[in-house]
Amino acid sequence: MPFDIIVAGTGPAGLSTAERASEHGLKTLVLERRASVTDSLMGELVTDKALRFLRVKPTSEYVGNKYTSIVGESIDTGANIVVDRTLLGNSYLLDEDKCQNLMRDRAVSNGAEFRYKSRVDSVVKEGAQVVGVTYNQSEVARAPLTAGADGSFSRVSETSGFKKPKWLLSYGYRFKLEGCKDIDPKVAYFLVGKDVGLGYMWLYPRSESEVNLGIGRVPSSQDNWDNLPPMRDVMKKYMKSRDELKNARIASVNGGVVPCAGIIPKFTGAGVALVGNAAGQVSSIVGGGVTTCLHAGKVLAQHAKRMTDSNDFSAKSVQQYQKEYMKTKLASNIQNTGKGMWAVSKYAMLNDPMAAAEVVLENLDAQTLNELIQGHASVATYMTLLTDFLPMVARIGIGYLKSLAVNGL
Ligand SMILES: Cc1cc2nc3c(=O)[nH]c(=O)nc-3n(C[C@H](O)[C@H](O)[C@H](O)COP(=O)(O)OP(=O)(O)OC[C@H]3O[C@@H](n4cnc5c(N)ncnc54)[C@H](O)[C@@H]3O)c2cc1C
C-alpha cells in the first residue's frame, strides 16, 4: 500500500497524529473535507501542557496572550470567584492559525500528503479489517491503519461500527471581537447565568481592544433548550450590558460541537482507531479538547509506528493504543469529569440548571473549583464537598435517580 496511515480530519487531533506519525517516518495521507487546515483549533484557553505537546515556547509567536487570573462570574448576580495563577498555573490563548499551520508544515516537511476538499464517506473493509477509506464518493485511499480524527460526527467511527452509548454534546459559538474599550488583557472570565443554560460563556482578551467571546451549552432536555434564548442572542445581550464591549465589532464567528460525556468505551478495531472528539477525548466540564487531542494524537502515532514496524494491524494490536491511552493521567481526568457532567446534566433535566452553578460560585473556594475543573480532586476535597454541599449533592443525587427512572441511562 502506498501509505502507512490515513488520517481523516485536520483538527488538533488529526494534525497532531499526522505531525507525529510522519515524524516517525510513516507515509502519511491526510484527508480534509474543507479547503485548508481548519479553524477548528479553538485555542481559547490552554495551559502549559498544550504548549509542551505543541513544542512551542510561551514567549513564541504561537501564543497570542497569557493570563494572570481567571474570574468565574454570574451575569445575573455578579457573584464571582477569582482563580489566580498560583492555583491554575499558566493560562494562555493560542494563536490558532499559526499553531495549525505549524503542525501542518511540520507534517508536510516530514513527507505527509494533505488532500483538501476530500470528504471521507466510509471505511473500506476486507472482512473485519479496515484497509482504507472511500472519499468524495468515488475515490479510494488504502492504508493498513486509518485514524478517525473527523470530529464529533465521525464518518470513520460510524462506518466502522463504533458505538456511542452516552453521547452528551455541548454546542458552542465564538465571536472574535474588535474595537473593545479598556479591556484588562491579563484577566479571563468564565460567565454563568440563567440565559446561558447548562454551560458557560467565556471572555478571553486578546489585547486591550480585542476579545474572544464564546458560549457553550449542553441541552439537558428538549424543554430546557427550547426555553432558553438562542446562544448568539445571549452573547449580543451581554455585549450591550458591558461598556467595554458595547461598541465592539464582530470580526468573525465560529461554531462547533464538543462531546462532553467522557471517552467512548471502544475506539479501536482491526486497522482503525479514533482520536480526539471522535473518541470523546475531551475534558468534559470545560469542554476543553485542544490539549487532550494533541496528547491523544501523539499516543496514537507512537502506536502506529509500532504497528508498522511489526506489520501487525490486527484488532488486538490496534487495541494497545486504547489500553495505553486509557492509563494516562489525561484520560483518567476526562473520565472523572465525564461522570460529573452526566450527573449534573441529569440533575438539570428535572431541576433548575442554574441552581448548582450559583451555589458553586457563591460558596466554593478557588482551589476546590480548580481541582474539580481539572478532574483531579482529592478524596479530602470530595469529603469537604460532601459536608459543605450536602443539600446540593443530595438534590443532584435525587435528580439523577429521578431522571434514571424517567429516561433510563
Ligand atoms: C466554540 C468552541 C470553543 C472551544 N474552546 C476550547 C478551548 O478554549 N480550549 C480547548 O482546549 N478546547 C476548546 N474547544 C474544543 C476543541 O476545539 C475541540 O475539542 C477540538 O477542536 C477537537 O479536535 P478534533 O481534531 O478531534 O476535531 P475537530 O476540531 O472537530 O476537527 C475535525 C476535522 O475533521 C474534518 N472532517 C469532519 N468530517 C470529515 C470527513 N467526513 N472527511 C474529512 N474530514 C472531515 C473537519 O472539517 C475538521 O477539520 C472549543 C470548541 C468549540 C466548539
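How many bridges join β18 to strand β19 (residues 272-274)? The views below include the answer.

View 1. The structure is a predicted model, in which local features need pLDDT of at least 70, side-chain atom pairs count only at pLDDT 80 or more, and totals for chains, interfaces and linings use all residues. Residues are numbered from 1 along each chain as its sequence is written, and side-chain values use heavy atoms, with hydrogens and water left out. β18 and β19 run antiparallel and are joined by two bridges; strands are DSSP runs (E, at least two residues), numbered from the N terminus, and two of them pair if DSSP finds at least two bridges between them. Gly-269 has Val-272 of β19 as its bridge partner.

**View 2. The six-stranded sheet.** The strand order is β8-β2-β1-β12-β19-β18, in an open sheet with mixed pairing. β8 (113-115) and β18 (268-269) each have a single partner strand, so one side of each edge strand is left without a neighbour in the sheet.

View 3. Polar contacts are pairs of N or O atoms within 3.5 Å. An oxygen atom of the ligand lies 2.7 Å from a backbone N or O atom of Asn-277. For Ala-13, a backbone N or O atom is 2.9 Å from a ligand oxygen atom, and for Arg-33 a polar side-chain atom is 3.1 Å from one.

**View 4. The shell around the ligand.** Among the 34 residues around the ligand (a heavy atom within 4 Å), those that come nearest are Glu-32, Thr-38, Glu-44, Val-120 and Asn-277.

Key. A polar contact is a pair of N or O atoms within 3.5 Å; within protein, one must be able to donate a hydrogen and the other to accept it, and residues adjacent in sequence count only if both atoms are side-chain atoms. Helices (H or I, at least four residues) and strands (E, at least two) are DSSP runs, numbered from the N terminus.
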